[in-house]
Each structure stands twice: as C-alpha cells, then as structure tokens.
Amino acid sequence: MARLIRTEKEVEGRYEEVWVVVEEDPLEQWPEGPLTVVGRPAPRKSGFERVRGEARYTADIRLPGMLQAAILRSPHAHARVKRIDLAPALALPGVRAALGPGEAHGLEEEAGFSGAPVAAVAADTFRQALAAAAAIDVEWEELDVVLDPDEAVRREQFTADPRHYERGDVDKALAQADVVVEATYRTQTVLHNSMETHQAICEWAGDVLNVYISTQFIWGIRESVAETLELPQDKVRVVCEYMGGGFGSKNSPDEYTYVAAELAKRTGRPVRCALTRREEHTAAGNRNATIQRLRAGARSDGTIVALDGEFTNAVGWSGWNASTEGPMKMLYDCENVRTVTFGAKVNTPPMKAFRAPGFVEGTFGLECLVDELAAKLDMDPLELRRRNYATTNDGTPLSSKNLEDCYRLAEPHWERRHEVRSRSDAIWKRGVGMASQIWYGGGGPPSYAWVRIGSDGRATVITAMQDIGTGTRTAMAQIAAEELRLPLDRVDVVLGDSARGPYASISAGSSTLPSMGPAVRAAAADAREQVEDIAEQRGMPKDAPVEEVVDLLEDAQILGKGARGPNPAGMSVLTFGVHVVEVAVDVETGEVVVERVAAIHDVGRIVNPLGASSQVEGGIIQGIGHTLSEERLLDPETGRVLTSTLESYRMPTIADVPEILCEFVDKPDTQLTNLGSKGLGEPPIVPIAAAIANAIRDATGADVHELPISREEMLRALREAEARQKEKRGAPAAV
Amino acid sequence: MELLRPSDLAELAMPSDGGTFVHGGTEVVPLLRDGLLSAETLVDVRGVVPRGIDGGTIGAGTTLAELEVEPAIPDALREACRLAASPQLRNMGSLGGNLLQATRCWYWRLDYPCRLRGGDRCHAREGEHREHAILANDFCASAHPSDVAAALVALGARLRTNRRELPVEELYRLPDEADRRTTTLEDGELILEVELPEVEASIYLKAMDRKRWSFPQAGVAAARVGGETRIALAGVAPVPWRIDSVEALDAATPLPRTEWKLPLARALVRRALAAIS
C-alpha cells in the first residue's frame, strides 16, 4: 500500500527533506551469499552491441533535417556584454538562427569565467556553426577577476554561506593531547572527461519536446526542462538509450540543452548541440580544487581526541560547496571535531559533482594526516585506525557497517609491507600504504519498475532509467531472473525513454542499484506471484518453471509492478572500504609507480561480482589519474584553460594501470530494502589518493601534501624529508 | 584546399602561396584543424621522400614505428622512437616530420600572441610554465618536444635535404628578436635522408608524467661516437640542447616552476653516461 512520508533524501552527500509516496517493501531479503543468478559473475548484457558499434549513443543520433549548434563563449574570466551583434553570424552561409544572452537559459550577459556561454547559432553543418559563432560581434566590459580561492575567502566571496560544524571542545582537547600533527593539503582541479561529451538533440513534435541527451538522470532532465520552458512535464520526452560516461557531470540539462531546444523552436528543425573536447575541458564541470588546513590530536595510546579542519573549496563561478569535511566528521570515533568549509566563488569554470565529490578530496587530507599521526605516535597505521573505529555516524545508528571485516581482509596485503620494503634499492624505494573509505550510497525512493512475461517464457523489465555504463541492464536482469527463477538470457531490460516506463532514480551518488534494484525485484515478485496463482489453477507445483506455467497464455501477458520502499528510519546508510597500495619511487627522478592495489569494499550484497570488480578497477584507474598525473591548469592572467586537449591533460594510459585485486565483504545490509545492496560507483575512488601518498611515505619518508603527486611535488617532498633527516642528525638543514 | 601529390623531386615545386608539406599528418593536420596553420595547398611528400633503412642511411619518410623495431639502428634512436607518442601516431609519423614538430607550449598551441608568433612577450615565463625550458629560455621558454631530434643530435647525425647537407644540430636555431623561427629550413626545403655515423654505444632516457603517450619532461640521449661522448637533451630548451657534461647543467636558468627539471635532468644524464661508458 502506498504511504506518504517525510524523509531525508541524500544525493552525493547532500541532504534534503522531501515528501514521498512510498510503497511498503514486504519482501524478505534473500539469504546471504551467491544465489542462482544474483551474486554470480555475469558479462554485460549490452556487451556485443557496444563493441559492434550498434549501441546507439546520443552522439550517434542524426535526425532528418537536423541542424548543428555552436556556442560562443566568453574569452574573459569576468566580463559583461556591453553590445552584441548577431547579424554577421546570420549573414554567413548555412546559418539558420542565432541566440544572444537571455534568449536561451544559460546564455548570460555576465560571464563569470573564461568559457561561459554567451550566444549560440544553428547552421546546416557544425563547421558553419563554428564560423558563425566566431563572427558574432561582441563588445565586452571587463570586470574584476578573482582566481585565487584564498583571496575569495578573504573577500568573503562565497557561493553559499560558510558551513560550520563542531562537536565537543576541540581547543581543549588539542591542548591536552599528547601528540598533535598539523598539515596543509591541496588538491587540484580535475576533469570528468566522459568519452561522450555533453550533448543534446532537441526536436519539437507538435507541442511535445523530444530531448535526446547524454544524461545520468532522465527524469531530472524532464523536470528541469519542463520547469524552465514552462511546459507540462508530460510534454517533455527524454531519451538516453546508451550513454558514454558522466561521473557526476551529467545530472542536469545545462546550456547546451536549452540552446538546442530554443534553436529547434525557432528553426522548426531538430537541433544538435554537442560540446567539443575543448569545451568539455572548460565548461562541462570539474572536481574543484581544495585547500585543507588540518590538525589532529591524540593520546599516546593512539586515541584520536581532536580533529580540526578548515576547508576551502574553489567552487568556481557557480556550483555547490561539496562536503570536503565529511570524512573528518564521519570516519573516526572522535569526541571533538570542528570544521569550517568555505565555498570560494572565483572566476573559474564551475564545479560539478565528480564521483564522491568532497569525500575524495577530504579523504586524501584526513587519511594522510592520520598516517602522519601514526608516524609521530610510532604506531602501526592499521592499528591506529582500528583503535578509533566509529560505530555510529556522529550518534546516528548505521544500517550496517563491516569496515572491521575490510580491515581483516586487508591484513594479508598489509603484511606484505616488510617484504615490499626489502625490495628497495639505492634508487627505487618501495613501500605500502593504506587508507579507509567512507561514503554514502544507500539510494532511496521513489523508483518504479514493471515486469512483463509473455507466453514464450521470456521476461522484460521495463523502467525509464538510464544505464550510464555501469552495467545497470545486467544487474537489473539478474535481479529479475533470480526472483522469476529464469535463466539470465531469458530476461531483457528496456530502459532509456521517459515515455516508455515509470519514474526511475538518478544514476549519481552510487544510487542506481540500491534505488532501482529493489523496485525491479518487487516487480518481478509481483509477476512471480501471478505465475504461481496460474500454476496452482493448473494443478502444477508452485515452483514449476515459468515457461511451462505460461505456455498456454498466447497473447495474454503477466504484468508485475514494483516500487522502491523506504530507507530505514533514523539510520545512516553508508559504504565502507580500505585500499592497500604498493608503490615504487625513483628518489632521483621523482617517478612514482603504483605497483599493486588491493581494494576491499563493504557495499552490502554484491549482485554481479564481475560488474562490481569492473567498477572498482575503473574507480582506481580514475583515482590514479587524479593522484599522479591529471590537472586542469588555467592561465593565471586570463583564467583560460590551458590543458584543453587530451594531450595536455594527462589521464592514465593502460600502461599506468597496476595489478588490482578486488575483494568484497558481500554481506547484505539487513536494514536496507529487499535487496540489501548499496552502491559501488563512487567508493573505489575515495581512498586511493591517500593510500598512494601513504605508501610513498612508507617507501621514502617523504610527506606529499599536494595532488597531483607530480615529479615536482615528489622531488619537493623528498628534499624536505632529507632536510628533516639531516636536522635530526644534528647537521644543519640543507637550504 | 588543394592537395598535391608529386611523385618525384622534379615535380616538387612549392606553390607560391606558401603551401605546406605534409607526410604522416600527425602534426600538420591538427594544426590546420585548430587554425594554427593556414594553407591553401598541401603537398603530400610521401611519393618524394625516401622511406626505409639502408645501413647508416635512413629515409626521412621512415615511420617511427618502423624504426622502433629495427635492430640495426643505434639504441638511442630506437628508444626515442619507441618512447614517443602512441602506436597510432608512430605508425603515421615520419622521422623527418618528427624533427620539425612545433612546441607543445600551451600558450603557442592556444594562439597567444607570444614571441614565437612575433609578439613581444613570452606568456609562459610570467604564467603557467611548469613544463617549460630550463636552458636558453630567456627569449622564449618553450621546450622542444622531439625525442628523436635529441637522439639524432647526440648521435651526430647529418641530414640531406633537397638543397644541402648539414649536421642535425644546424637544423635548429634559437628564436630571437629578429627571427622567430626555430629551424633553419628554407621555404621549399625538404628533409630527405638522415645519415648516421658509426656509433659505439648509445642510449635514450625519457621522463614522462605517465608511462606512455607523453612528451618528454626531460629526455636525455647520450652516445659514444668516434671516441667522443655526446649528450643531447629534449624538453629542456626551445631546441634540442647539446651539453658536454652533467656540470653544464649548472648553467641552467630554470623558472620558478621548472626548477624540478634540473635534478631530473642531472639524474638522467648521469644514468645515460654510466650506461654507455
């Protein structure tokens, strides 16, 4: 039965109170461990389509008569359009329409960063559109530019009010602590770099707007577009069949969608607006840089008594102030914690959620600080973490937490450190480091699914969700197959179109599986119960094979429907894990090689171990890029993005990928839904940077404080460690 | 745009509008696409430039991919080819073209009006320059990207063009106020062959910020040729840079954010010398 409740909704660590109609979730969880289909490795449902090039991504769509749009972007980091003349663009060959500031949502007169969208054109070809955009005549009034986040904080230039948090008495605890460590950590701006750039094709079919878009949230696009264009929601149809990556950057429609919609309206033709790779590197969002000034105090027995952090997020011209302080508040059982988080509004491209926003950055700072504390206490870093184990989330009970199991599974990997270190020589120093992971990932209601069974004994799961490349089709099919007692190859999944299925969750915040999976199971269970009724009427056993029960249905169908039930009331649903990393550092050239990563995660029930290990590998590889080589650089004078190509912005290559071992605790969260599964999209990228940095410290004694750990940073840290050693020995420090 | 495909040197007449030679296209095509190079006429020289290895003579049209698997050429050249770019680029890119590639300086690649473009300032010196030069960087701080060029300089290779013969070092010049070019190649001049001397031992060591597909942060080629030890560096000066000894690096003039390249270059030079001694 449907029930109206007021509930706390969490996405990417951001909470809001919402009213939702939830349906009860009466199904008992399946028993722990691998079942017939669920919990067994299953290759991708869409693997063949993808490798054959048959999967239709938004970037593949070419509608008849479709025009191509290009966007004119601000060359200035902060400026206002004094005068704009679209006529030179409209006079060029092939140009069909042009828009100035205010004529489509997102095109604005005031440009707050170099690359801000200002105007747009539609033409027969993309080349013509580019030439036309360049021909638009703009007179700019340049405005005051602030690029330095500390300067923005000094000027109290924020995207939102600073966020303060305190429990206990931090000053007193620090004064009484036996050991205090203090350090400043900096993380860089990195780019999502989805293979498919941000893009949309808009087409008006009568009074219905069809939006083909590369997105993580079909229903969010539908709602935002309808609201912005003042259309009834049912007049906006959103389609995303296959999607080439988002990592948090494709949750909302943004200027390219509105530009395409408006140009389509004016020209009466479908319009495609697709960002180029260079635009992608500029205006499609980023993981913002942070500055973290941290202190920790502990008693000599290893009890952490105080954690104190000042966090500055260099948010950009717009965006939100991500929870960089989250790990400091949540990871350890510490009575005295104080944080302040500033969201610095600077004239740089806006941040967007990027795979565990805030927690990736905050975990780097906190988990490096904890290892510095362990070094000062002369305590084993794993032992220090165990001594400060939190059993609640700041007093709120947890639905489940098996981090101690993760630590136990980590022990054999951690034990290797003696042998790894012994393989060091004069140039290559080797070491082992670890870091813990905490993040959300519980998902939530609402989400719905339908299941249809035909007389051929095949089942189809129907829901208007998106598969952002994480193996959603496969996992949903596994859940339905398990519940229906069907082999996996007899279950299909139809998704990707708001006109062809019920509401489905966003694929962000590691929420796809925990939000959608229980709805799919409920729908399959509803269908299975109907099959059982028919079996009973036919005098067949209750568990007779579905295809035998339904074989006389002819054109009749069994239709099941299911909904995601509520999250456990009054509980925090969190994910946990630990990474143990082995590195080698060339102490003369500053080269860092990650040789082995053991990743152990606690995310409830594992539905598809093969898909899950792919998620972990992907997260670790993306995290290695964040840790060692990726950095978006701006010209300090103009605020323009310098690393605008994939040659200058350096993501890891396959040669940079170490041996990766994945292990899962694989215990269902007994409080969470009929499935007991949490999300896994984000957890694997959370601890990797700190684990690498801690392994570097283990290998070399050098404290790295900045990401990326470039040769420059590595050589600086080595020099500093050397000076510290000399000082210790009584010799004068090297200058 | 017009594409000419001459089949022998006699047919090779440069159009008067300053057409552009293209071989593998791995440099020219992206520059054209980005509007950094404009040409009404492209002259595809694949029918003109020799390709292949004959003793110490290497056709300038030989691809990097062909060179990286050739046991008969000196280690320094083979390694420089192997460690350059990506397999796709090495399959297309030619030896001659590699020597002529432009800097990766992001200001130059983004068309800032810098000194290399005839402007009056080096944006990198004042701006973001962590990948830039530590030597001869006063006028222009760009770093020369060619691994192969450093290898050939260290090996003491000579070039034959359609007009002259010259040591590979003389292909390059530092840009100055009067002349912003970084090569001495004249309009219509085409590199045809590379001539290698007898090499006793050689090596190329390259530091990158990832394991593959990266231009050199610093690349060091060292060779023993006719009893002489020759060292040349990539990625540290606006042109391939020859030094006599590791001590020569004491004269480096790093910028604030390129100081890290100095210990790196020193370490690589020491290793390279040890390897060939």
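## Contact between chains A and B

In this predicted model, the contact between the two chains draws 18 residues from chain B and 22 residues from chain A. On the side of chain B that touches chain A, the element that gives the most is helix α9 of chain B, residues 261-276, with four residues. Sorted by class, the residues on that side of chain B comprise nine nonpolar, three polar and six charged.

## Helix packing in chain A

Within chain A, helix α10 (residues 359-377) packs with helix α18 (residues 688-700) at an angle of about 30 degrees, and the axes of the two helices lie 8 Å apart. Because angles under 35 degrees count as roughly parallel, α10(A) is described as roughly parallel to α18(A). The crossing in which α10(A) passes α18(A) is right-handed.

The residues that α10(A) brings to this contact are Val360(A), Thr363(A), Phe364(A), Glu367(A), Cys368(A) and Asp371(A), and they meet Ala689(A), Ala690(A), Ala693(A), Asn694(A) and Arg697(A) of α18(A). By class, the contact of α10(A) with α18(A) holds six nonpolar, two polar and three charged residues.

## Helix packing in chain B

In chain B, helix α3 (residues 75-82) and helix α8 (residues 147-155) pack with their axes 8 Å apart, at an angle of about 175 degrees. Since angles over 145 degrees count as roughly antiparallel, α3(B) is roughly antiparallel to α8(B).

From α3(B), the residues Ala76(B), Leu77(B), Ala80(B) and Cys81(B) meet Asp147(B), Val148(B), Ala150(B), Ala151(B), Leu152(B), Ala154(B) and Leu155(B) of α8(B). The contact of α3(B) with α8(B) is made up of ten nonpolar residues, no polar residue and one charged residue.

## The largest nonpolar core

In soluble globular proteins, nonpolar side chains tend to be buried together. Here the largest nonpolar core has 297 residues, and those that touch the most other members are Ala69(A), Ala120(A), Val121(A), Val259(A), Ala260(A) and Ala480(A).

When residues up to four places away in sequence are not counted, Ala120(A) touches Ala69(A), Ala70(A), Ile71(A), Leu72(A), Ala98(A), Leu99(A), Ala104(A), Leu107(A), Val259(A) and Leu263(A). Ala69(A) and Val259(A), both in this set of partners, are themselves listed among the core residues that touch the most other members.

Val573(A) is placed in the loop between β24 (558-563) and β25 (575-586) of chain A. Because 24 C-beta neighbours lie inside 10 Å, Val573(A) counts as buried. Leaving out residues up to four places away in sequence, Val573(A) touches Ser399(A), Gly442(A), Asn567(A), Leu672(A) and Lys678(A). The C-alpha atom of Val573(A) is separated by 8.6 Å from that of Gly443(A), although these two residues are 130 residues apart along the chain.

Pro34(A) is likewise a loop residue, placed between β2 (14-23) and α1 (47-51) of chain A. With 14 other C-beta atoms within 10 Å, Pro34(A) is partly exposed. Apart from neighbours within four places in sequence, Pro34(A) is in contact with Gly39(A) and Arg40(A). A separation of 9.5 Å is found between the C-alpha atoms of Pro34(A) and Asn608(A), which stand 574 residues apart along the chain.

## Cis peptide bonds

The peptide bond that joins Pro445(A) and Pro446(A) is cis, with omega about -5 degrees, and Pro446(A) lies in the loop between β20 (428-439) and β21 (448-453) of chain A. A cis peptide bond also runs from Leu707(A) to Pro708(A), with omega near -5 degrees. The place of Pro708(A) is in the loop between α18 and α19 (711-728) of chain A.

Although Ala356(A) is not a glycine, its phi is positive, at about 60 degrees. Ala356(A) lies in the loop between β17 (336-345) and α10 of chain A, and it counts as buried because 36 C-beta neighbours lie inside 10 Å.

Asp394(A), which is not a glycine either, has a positive phi of about 50 degrees. This residue sits in the loop between β18 (392-393) and β19 (396-397) of chain A. With 13 C-beta neighbours inside 10 Å, Asp394(A) counts as partly exposed, whereas Ala356(A) is buried.

Technical notes:
Residues are numbered from 1 along each chain as its sequence is written. Chains are lettered from A and ligands numbered from 1 in the order in which they are written. This is a predicted model: local features need pLDDT of at least 70, side-chain atom pairs count only at pLDDT 80 or more; totals for chains, interfaces and linings use all residues. Axes are lines fitted to C-alpha atoms, for helices over the stretch in contact, and angles run from 0 to 180 degrees between N-to-C directions. Angles under 35 degrees count as roughly parallel, over 145 as roughly antiparallel, 65 to 115 as roughly perpendicular and the rest as oblique. A crossing is left-handed if the near helix is turned anticlockwise from the far one by less than a right angle, and right-handed if clockwise. Two residues are in contact if their C-beta atoms, placed from the backbone, lie within 7 Å. Ala, Val, Leu, Ile, Met, Phe, Trp, Tyr, Cys and Pro count as nonpolar, Asp, Glu, Lys and Arg as charged, and the others, Gly among them, as polar. A nonpolar core is a set of buried Ala, Val, Leu, Ile, Met, Phe, Trp, Tyr and Cys residues joined through C-beta atoms within 7 Å. A residue is buried if 20 or more other C-beta atoms lie within 10 Å of its own, exposed if 12 or fewer, and partly exposed in between; C-beta atoms are placed from the backbone.
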